[in-house]
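Here's a quick briefing to keep open beside the viewer. Have a look at the fold first, then work through the topics below.

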Amino acid sequence: MIHRKKCDKIKSSFSIPLRVFGYIRQTFWALVNHRLKQRPPAAGRRKSGGSSVLQALSFCFHLFSILYHDRLVLKMEYKFSNRVQSLKPSAIREIFKYAADPEVISLSAGNPSPEAFPTKAIEEITASILEKNPIAALQYSITEGYAPLRETLKDYMKKTHNVGREFDELVVTSGAQQVMDLTTKALCNAGDVVICEAPSFIGSLNSFRSYGVRLRGVPMDDDGMNLEALETALREEPNAKFIYTIPNFQNPSGITMSLEKRKKVYELAKRYGVLILEDNPYGDLRIEGEDLPCIKSFDEDGLVMYAGTFSKVLAPGIRVGYCIGPSAVCQKMIVCKQGEDVHTNILAQMIANEFMTKYDYPAHIQFLRDLYRKKAKFAMDLMDQYLLPKITYKPIQGGLFIWCTLPEGVDMPDFCKQAVLRKVCVVPGNAFLTDESEPCQCFRTNFSTPTDQQLEKGIKILGQLVNELI
Ligand SMILES: Cc1ncc(COP(=O)(O)O)c(C=O)c1O
């Protein structure tokens, strides 16, 4: 109410001078045009001094009007919505600014390895779609997604993961990120609670925050969420709308939830009548051990919304993800999506479908696993050599991240800053907490984007830095 009154005051104090100014400007331009029309410059005749003066005057007036207008606009106070007022740019995006310096070694991004992209296949597929089916690829399409891709994904997820029941629906989204956004939009009121792992993926946390929800963090054990803390949170938060979990090779901690815990998390969600949002961008990137069933595969009660994506297995730039969840929730999400982007890029959806159906998709996944196994092992060997015992890390079984812990006595934010000054970027661990002001001794590293030489140089610098600090 107070904001509105202030805004109205600002508007009304500007509106009269702006309007008067607009009339003077219009009249002046009309006079100039009229005068110039009356005296068209004849070919070969010099313009009269009068029209030059008029033109110079009109130029000055025009310049003045631009400056004056800008001054008025710059004085404007922008009143952002309560929902977005406290939002800050993600720490990772901020760090990307440093990482853009070609001399900086970025161990901060979560980008797939450049070697992982099947560029030749994508080139062939795109050319063939544009040759054989250009109109479908360029025309508007339906919000729930390109029908052949939806069928391919339903079939694939059922056969390989036992995901999808009669009561479920599949919606193609613009990346998995949009699943977080649409789920929250469809289910949460401001003041509701989302229970999430602490630490957790900053992109999702920011998406939840943008709807004014409160985040309740549940600390992580080495095999996933601490179950006692999860149950306490469920008991204490009657407005909890969903539990957000990344069960495979979690971003940022690299932790994988054990099978036993997956079942218990499902049981708890069922007992307290709270949905689970299961985010699984890294599940296909296992480099060691046996694949574990998704929580969604236990779902006989319409309790789980599953988020998948092509970002880590095909290319993040195509922005194709999907969700499989209870039809009633998906229907609301479809309506919300209509207001956001109408539908996901149709050419990109067709490319994803062709890649899954006309190429050897399982062989591609195997290729990625082999590639990342090599890279992850290389990074962990370097950590053994240069970081241990002062900086410890959690060995991973998949995914793209290694979570490192600094010894007591080293200030984590200062360590990350000093690393940047030495041209190595890592992500401060508190960026992934539900409350960023909590103390944290950890930082996140990534091994998929840098080259082997960069990895070696970067990890060596981190080791030297910690040795100088303690
Ligand atoms: C855990 C997690 N969820 C979701 C996303 C978003 O993925 P997408 O590119 O499909 O939007 C990421 C991206 O890094 C992620 O790490």
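Which residues in H5 meet which residues in H13? On the H5 side they are Ala-121, Ile-122, Ile-125, Thr-126 and Ile-129, and on the H13 side Leu-347, Met-350, Ile-351, Glu-354 and Phe-355. Sorted by class, that H5–H13 contact comes to eight nonpolar residues, one polar and one charged. Keep in mind throughout that this is a predicted model.

**Helix pairs**

A quick reminder before the numbers: a pair of packed helices is described by the angle between the axes and the distance between them.

- H5 (residues 119-132) packs against H13 (residues 346-358) at about 120°, and their axes are 10 Å apart. That angle makes H5 oblique to H13.
- The H5–H13 crossing is right-handed.
- For H10 (residues 227-236) and H11 (residues 259-272), the axes come within 11 Å of each other and cross at roughly 15°. H10 and H11 therefore count as roughly parallel to each other.
- H10 also passes H11 in a right-handed crossing. From H10, the contact uses Leu-227, Leu-230, Glu-231 and Leu-234, while H11 brings Lys-261, Lys-264, Val-265, Leu-268 and Tyr-272.
- In class terms, the H10–H11 contact has six nonpolar, no polar and three charged residues.
- H14 (residues 361-386) and H16 (residues 452-469) have axes that come within 9 Å and cross at roughly 25°. So H14 and H16 are roughly parallel to each other.
- Here too the crossing, that of H14 and H16, is right-handed. Phe-378, Ala-379, Leu-382, Met-383 and Tyr-386 of H14 meet Asp-452, Leu-455, Glu-456, Ile-459, Lys-460 and Gly-463 of H16.
- By class, the contact of H14 with H16 splits into seven nonpolar, one polar and three charged residues.

**The eight-stranded sheet**

- Eight strands make up an open sheet with mixed pairing, and the order runs S2-S9-S8-S7-S6-S3-S4-S5. At the edges you'll find S2 (168-173) and S5 (224-225), each of which pairs on one side only.
- Inside this sheet, S7 (residues 275-279) and S8 (residues 304-309) pair in the parallel sense, over four bridges.

**The four-stranded sheet**

- There's also an open sheet of four strands, ordered S10-S11-S14-S13, and its pairing is antiparallel. S10 (392-393) and S13 (427-428) stand at its edges with a single partner strand each, so one side of each has no neighbour in the sheet.
- S10 pairs with S11 (residues 401-405) in the antiparallel sense, over two bridges. Thr-392 has Thr-405 in S11 as its bridge partner.

**Around the ligand**

- How many residues surround the ligand? There are 15, and the closest are Gly-175, Ala-176, Gln-177, Thr-309 and Ser-311.
- Which classes make up that shell? The residues around the ligand divide into five nonpolar, nine polar and one charged.

**Backbone spots to check**

- The Ala-198 to Pro-199 peptide bond is cis, with omega near 10°. Pro-199 sits in the loop between S3 (193-198) and H9 (202-209).
- The peptide bond from Asn-251 to Pro-252 is cis as well, with omega near 20°. Pro-252 is placed in the loop between S6 (240-245) and H11.
- Where is Phe-249? Phe-249 lies in the loop between S6 and H11, and its phi is near 50°, a positive value in a residue other than glycine.

Terms used: Residues numbered from 1 in each chain as written. Predicted model: local features only at pLDDT ≥ 70, side-chain atom pairs only at ≥ 80, totals over all residues. Axes fitted to C-alpha atoms, helices over the stretch in contact; angles between N-to-C directions. Parallel < 35°, antiparallel > 145°, perpendicular 65-115°, else oblique. Left-handed = near helix turned anticlockwise from the far one by under 90°. Contact = placed C-beta atoms within 7 Å. Nonpolar A, V, L, I, M, F, W, Y, C, P; charged D, E, K, R; others polar. Near = placed C-beta within 6 Å. Pairing = 2+ DSSP bridges.
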